[in-house]
Amino acid sequence: MRPPEVLLVDNGSLAAPAIRRLREIARALAARIGETVAPVSMLHSSTVDPVELDGVPAEILAPALARRVAEGRSDFLVVPLFFGPSSAITEYLPSVVRAQQGKTGPLAVRVAPSLFQPGDPRLAGILAANVAAVTNAGAAYHPARVALVDHGSPARAVVAVRDALARQLAEMLGSGYEVAASSMERRPGPEFAFGEPLLESVLRRPGWRDNAVTVAMQFLLPGRHAGPDGDVARIGRAAAEEFPDLRIHTTPLVGESPALIDILADRWQSGRESAPLK
C-alpha cells in the first residue's frame with residue numbers, strides 16, 4: 001500500500017525566487033523524511049514564466065490535486081508552509097478538496113499542523129539566532145531594539161501567532177533586548193485593529209526612530225514582500241529617510257534556516273496521525 005503523497009503547500013507568489021526556495025525546502029524535507037515531497041502553492045504561482053523556474057512550471061493546488069487524482073492517487077498529506085492557521089488552510093484548502101471529491105469521489109486528505117505550535121520554541125529559536133547574527137555583526141547598542149514583523153492577517157489566530165513568537169523571542173533574547181511585534185499591513189476598519197501595530201509605526205516610536213533597530217523577518221520565502229527590494233525594505237527606507245538617526249538591520253528569513261526542516265518533519269509526522277478532512 002502506497003503512503004499518502006506529501007504536498008508541501010505555501011500561499012503562492014508571483015516572484016520566482018519564492019517558488020525556487022519552496023522547491024529547495026521540499027527537497028530538503030524529502031531527504032529528511034525519506035519520501036517524495038511535491039512543492040505546491042495555493043494560488044498565484046502558476047502565472048510565473050517557467051523560463052524563470054528552470055523550465056518547470058509551478059503548480060497550484062486545485063489543478064495539482066486534479067492531476068494526481070486522474071493518475072490514480074487518492075491519499076494525500078498536506079504539510080502547510082504557514083506560520084499559523086491561515087484561512088488558506090482552514091477554508092480554501094477544504095473547499096478545493098470538496099470540489100474535487102464532488103467530481104471524482106472520496107479522497108483521503110490529511111493536513112499537518114501549521115509551523116507554530118504552543119510549547120514548541122523552535123521557530124522563536126530560529127528568529128533569535130537570526131537576530132543575534134545581525135546584532136553581533138556590529139550593531140552594538142543597549143537596549144537592542146527588535147521589531148518582529150510579519151505580513152499581517154485578517155485572522156486573529158494568525159496575529160496571535162505573531163504575538164506569541166514576539167513573547168518567546170523576547171524571553172530568549174533576554175533583558176538586553178526590547179522586542180515589539182508588528183505587521184507590514186492590516187485591513188482598514190476598527191474590526192481589524194488587532195493587527196496593530198504596523199512596522200512603520202514601530203519604527204517611528206520615540207527611542208526607536210533615533211537608534212538602531214533590528215527588523216526580525218517573520219517570513220518564510222523571499223519575494224515581493226520580503227525580498228531585498230520588497231515592501232518591508234521599502235517601509236524601512238521610508239522611515240530612515242524621515243529619521244536620519246534610525247539605522248535598520250534586517251535578519252535573514254525563517255525559510256533560510258536548516259532548522260526549519262526539523263520542524264516540518266515533525267509536523268509531517270503529526271499529520272500522518274491525523275484524521276482526513278471531511
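Predicted model: local features only at pLDDT ≥ 70, side-chain atom pairs only at ≥ 80, totals over all residues.
You'll find S153 in the loop between strand 5 (144–150) and helix 5. A polar atom of its side chain lies 3.0 Å from the backbone nitrogen of A155. Is S153 buried or exposed? S153 has a relative accessible area of 16%, so it counts as buried, the cut-off being under 20%. Setting aside neighbours within four places in sequence, S153 touches V158, V159 and F194.

Now follow the chain into helix 5, residues 156–173, and look at how it meets helix 4, residues 122–135. Their axes come within 9 Å and cross at roughly 55°, which means helix 4 is oblique to helix 5. The crossing is right-handed. On the helix 4 side, we have L123, A124, G125, L127, A128 and V131, and they meet L165, Q168, L169, M172 and L173 of helix 5. By class, that contact has 9 nonpolar residues, 2 polar and no charged.

One more pair, please: helix 1 (residues 16–33) and helix 8 (residues 259–272). Here the axes are 10 Å apart, and the packing angle is about 65°. This crossing is right-handed. Helix 1 brings I25, A28, L29, R32 and I33, which meet L260, I261, D262, L264, A265 and W268 in helix 8. How many charged residues does the contact of helix 1 with helix 8 have? There are 2, alongside 9 nonpolar and no polar ones.

Methods:
Residues numbered from 1 in each chain as written. Heavy atoms only, no water. Axes fitted to C-alpha atoms, helices over the stretch in contact; angles between N-to-C directions. Helix = DSSP H or I, 4+ residues; strand = E, 2+ residues; numbered from the N terminus. Parallel < 35°, antiparallel > 145°, perpendicular 65-115°, else oblique. Left-handed = near helix turned anticlockwise from the far one by under 90°. Contact = heavy atoms within 4.5 Å. Nonpolar A, V, L, I, M, F, W, Y, C, P; charged D, E, K, R; others polar. Buried < 20%, exposed > 50% of the residue type's maximum accessible area, 1.4 Å probe, protein only. Polar contact = N/O pair within 3.5 Å; in protein donor to acceptor, adjacent residues only side chain to side chain.
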